[in-house]
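Please read the points below alongside the sequence and the model.

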Amino acid sequence: MELFSIFALLYMNIMDVPIFQFLLLEEARLFLKSIPEQARDKIYYNIKKIQGGIKDSELFKKLENTEIWEFRTLYHGTAYRLFSFWDKSSGAFVIATHGTIKKTQKTPPKEIVRAEEIRKRYFEQKKMNH
């Protein structure tokens with residue numbers, strides 16, 4: 001399977017127009033598959049809220065000094081993070097790179113670096129394909 005295969009496009013109800021399309025890269029898809037279904041459902045619910053235009057930095061936050069954003073979900077005392085970035089080159093897309101269960105208050109720098117590397121490869125591959 002190609003590294004940047006698309007797993008899902010999540011939309012609000014047919015009557016609502018999402019402000020962005022949401023794409024999962026392989027590592028993000030595998031992360032979501034590995035966590036409990038109820039936690040995964042809450043993550044999707046929170047993403048749909050942000051797609052619908054709700055601005056809430058507790059749910060979707062740009063990380064300082066980087067182009068990486070994180071979807072933040074707290075479920076039963078466990079903090080789930082889904083790292084992502086924007087691709088506005090052909091519409092409005094938020095691309096999820098990977099996820100983690102957060103164990104400390106501060107986002108681990110290695111997770112940000114990982115997301116930045118995936119973002120860089122994504123745009124390099126996209127450029128080669130066009």
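1. The model is predicted: local features need pLDDT of at least 70, side-chain atom pairs count only at pLDDT 80 or more, and totals for chains, interfaces and linings use all residues. Residues are numbered from 1 along each chain as its sequence is written, and side-chain values use heavy atoms, without hydrogens and water.

2. Helix H2 covers residues 37-51; helices (H or I, at least four residues) and strands (E, at least two) are DSSP runs, numbered from the N terminus. At 1.5 Å a residue, its 15 residues should span 21 Å, and the end C-alpha atoms are 21 Å apart, which agrees. The expected span is 1.5 Å times one less than the number of residues. Just after H2, Gly-53 has a positive phi of about 110°.

3. Among the buried residues of H2 are Ala-39, Ile-43, Ile-47 and Ile-50, where buried means under 20% relative accessible area (1.4 Å probe, protein chains only).

4. Strands E2 (residues 60-62) and E3 (residues 69-75) pair in the antiparallel sense over three bridges; pairing requires at least two bridges found by DSSP. Phe-60 lies opposite Phe-71 in E3. Six residues separate the two strands of this hairpin, and Asn-65 in the turn has a positive phi of about 60°.

5. E3 also pairs with strand E4 (residues 78-87), in the antiparallel sense over seven bridges. Thr-78 in E4 is the bridge partner of Tyr-75. This hairpin has two residues between its strands, and His-76 in the turn has a positive phi of about 50°.

Conventions:
Buried means under 20% relative accessible area, exposed over 50%, partly exposed in between (1.4 Å probe, protein chains only).
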